Amino acid sequence: MEKFTTLDGIVAPLDRPNVDTDAIIPKQFLKSIHRTGFGPNLFDEWRYLDRGEPGMDNRTRQPNPEFVLNLSRYQDAGILLGRENFGCGSSREHAVWALLDYGFRAVIAPSFADIFFNNCFKNGVLPLVLEAGAINKLFAAVEATPGFRMTIDLPAQEIHTPEQEIIPFEVDAFRKDCLIRGLDDIALTLEHAAAIRAFEAQRRLDAPWLYDNSTE
Amino acid sequence: MSGKTLYDKLWQSHLIREDEAGTALLYIDRHLVHEVTSPQAFEGLRLAGRTPWRTHSILAVPDHNVPTTNRAAGIADPISRIQVETLDRNCTDFGITEFSMLDERQGIVHVIGPEQGATLPGMTVVCGDSHTSTHGAFGALAFGIGTSEVEHVLATQCLIQKKSSNMQIRVYGKLATGVSAKDVVLAIIGEIGTAGGTGYAIEFAGPVIEALTMEGRMTVCNMTIEAGARAGMIGVDDTTIDYLSGRPYAPGADHWEQAVAAWHELVSDADAGFDREVILDGGALAPQVTWGTSPEMVTPVDGLVPDPDAEQDLVKRDGMHKALEYMDLQPGTPMTAIRPDHVFIGSCTNARIEDLREAAAEIRGQMVAPGIRQALVVPGSGLVKQQAEAEGLDRVFTAAGFEWREPGCSMCLAMNADRLEPGDRCASTSNRNFEGRQGPGGRTHLVSPAMAAAAAVAGHFVDIRKTAGG
Ligand code: SF4
């Protein structure tokens with residue numbers, strides 16, 4: 001996983017609540033057996049006027065001129081600003097892969113759906129929760145200022161805006177550490193292999209029916 | 001000291017370690033796997049030179065991509081085919097039990113787990129699929145995970161988790177005839193909102209929940225994720241135990257009594273405290289129909305399409321305007337005036353035998369209305385299909401003009417060939433009415449199986465409380 005320390009990027013505003021993972025990456029693109037290549041189809045149904053299918057050349061498709069990511073001022077955005085319950089719906093990690101593949105390393109919203117929130121951390125994408133007032137201010141600032149960019153300083157847990165404003169944020173200590181160091185959490189868990197084995201041995205004694213007849 | 005909730009008990013009995021910040025390592029008993037969210041996990045496992053920790057905790061099945069017609073001919077779409085073949089190969093390579101596409105036990109992962117007795121009370125059950133919450137109906141801690149977590153469970157039999165808060169939703173009273181588990185859960189989501197359960201594990205309780213069959217309980221727990229909670233659960237009682245008795249992967253005679261004794265402990269203590277409690281009058285519920293593009297956009301069938309301008313919250317109001325535009329609906333329209341042109345009876349929410357029985361009862365001897373261009377019944381599993389055929393339900397459906405299909409996810413998410421075209425309007429027993437969910441530009445109204453069937457026959461939504469029982 002790529003490390004995340006500080007990120008400086010253009011901010012793109014997606015001003016709707018309950019953005020679901022079906023909207024982030026529609027199901028026809030979930031047939032891939034790889035983790036990359038989803039970026040061109042991020043928000044496919046909002047982003048293009050025609051219907052997207054896997055294998056199409058997206059450069060020949062008709063972009064929706066009204067969709068926010070198609071506006072020239074948000075080209076190369078690296079930070080996505082969203083509303084409540086961002087990432088709700090299916091567990092598909094493809095949603096995070098698509099955001100990452102497009103170039104987003106951070107999503108800021110007043111709240112996230114749990115599974116999406118988790119999936120972000122596993123892929124080096126920072127999901128940041130700010131309270132609704134701060135989010136409203138950011139939406140206003142982004143819309144008022146073409147090319148609006150900010151810096152997210154994860155070690156210091158601060159966002160720095162062009163107006164020299166500093167917005168502090170909360171992040172879970174363990175997840176923060178994994179992001180900053182780019183850690184593979186499977187390797188971390190396997191450091192506890194002996195404890196897992198001991199637990200399993202006890203469980204076999206306490207609940208033998210879970211072992212004697214399980215899909216074996 | 002106050003007692004423990006069911007969730008507390010399940011959490012504690014699987015806890016391997018926990019640090020001061022509450023980051024915990026949780027042991028996983030059952031891992032269900034399907035073709036869409038697993039290929040990258042197996043690939044990651046191989047790249048790291050790892051193997052599954054406990055192969056026999058895994059049960060795999062292809063369901064999202066499989067065709068629902070002429071299965072012997074294989075999968076026409078080459079990309080879908082590769083995904084299903086990749087699952088087959090991964091299962092063969094690692095020695096994982098898989099019900100492959102032509103196996104009569106194949107079906108939607110959340111239907112076959114319980115049907116096989118592979119989901120048991122007291123288990124932690126995970127799957128790379130958000131509707132894993134379904135399995136909580138058995139007094140299990142069951143929740144959906146992402147692909148990286150699938151890989152993590154494969155490699156370690158554990159997950160890194162933080163404990164959620166406890167919520168209890170009590171539904172009291174007695175449901176009116178024609179009102180089902182689906183209506184209960186839609187009404188709950190309408191009440192607490194699609195983010196209302198975020199950060200919580202939800203326990204459903206109260207007389208209405210206790211009176212539900214296991215099929216009904218699974219329908220309720222299935223849609224917990226639509227209320228924002230990863231896990232929903234219901235305490236164990238005789239209904240749970242009777243359902244499990246004799247299932248292929250349920251405990252055999254040598255451990256049955258011991259297991260049942262342990263399972264009876266899987267209820268919240270009488271003095272357990274919850275961080276949030278929600279109470280609903282089940283007796284006051286009407287059949288529910290969604291009008292928008294989020295499951296919380298739901299209203300009783302005898303209600304009207306709401307007016308966004310009456311909504312105070314500006315973000316919400318804007319969301320309602322967008323939803324009505326997408327759904328092509330006018331505020332103030334009676335729900336019963338909405339005319340679907342497609343009907344889909346299926347999905348992990350409502351494709352079990354009881355669902356098919358309830359739907360069939362609404363249409364027996366009648367024909368699908370002329371305005372309905374397609375009406376599909378897609379059983380949840382091969383065994384549900386067999387059972388329905390043994391009861392003659394397939395003939396009730398086909399005589400009425402429904403298509404009777406092979407099991408799979410089908411038009412719930414339209415990854416296979418079954419999908420809506422732009423502008424199509426569907427009465428669907430599935431769980432998500434998101435934009436494009438059933439096909440790009442398709443419009444979905446979530447309803448119960450009986451409501452979908454009644455809409456198929458009438459050509460518009462009907463309040464089945466008025467017709468139920470003749
Ligand atoms: S039936 Fe629908 S919701 Fe259920 S697992 Fe399949 S796609 Fe997901």
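The lining of the largest cavity comprises 8 nonpolar, 11 polar and 4 charged residues. Here Ala, Val, Leu, Ile, Met, Phe, Trp, Tyr, Cys and Pro count as nonpolar, Asp, Glu, Lys and Arg as charged, and the others, Gly among them, as polar. The model is predicted, with pLDDT of at least 70 required for local features and 80 or more for side-chain atom pairs, while totals for chains, interfaces and linings use all residues. Residues are numbered from 1 along each chain as its sequence is written, chains are lettered from A in the order in which they are written, and side-chain values use heavy atoms, without hydrogens and water.

The structure holds 4 cavities of 30 Å³ or more. A cavity is a set of points, on a 1 Å grid over the protein atoms alone, where a 1.4 Å probe fits but cannot get out; lining residues have an atom within 4 Å of a point. Points are joined across faces, edges and corners, and the volume is the space filled by probe spheres set on them. The largest cavity holds about 220 Å³. It is lined by 23 residues, and B:His64, B:Asp129, B:His131, B:Leu413 and B:Arg437 are the closest to its centre.

The second largest cavity has a volume of about 130 Å³. Of its 16 lining residues, A:Cys88, A:Gly89, A:Ala113, B:Ile225 and B:Gly228 are the closest to the centre. This lining divides into 7 nonpolar, 6 polar and 3 charged residues.

In chain B, strands β1 (residues 15-18) and β2 (residues 23-27) pair in the antiparallel sense over 3 bridges. Strands are DSSP runs of E, at least two residues long, numbered from the N terminus; pairing requires at least two bridges. B:Leu15 has B:Leu26 of β2(B) as its bridge partner. The two strands form a hairpin with 4 residues between them, and B:Gly22 in the turn has a positive phi of about 90 degrees.

Conventions. 1 Å grid on protein atoms, 1.4 Å probe; cavity = no way out; pocket = protein on both sides within 12 Å on 5 of 7 lines; lining within 4 Å.
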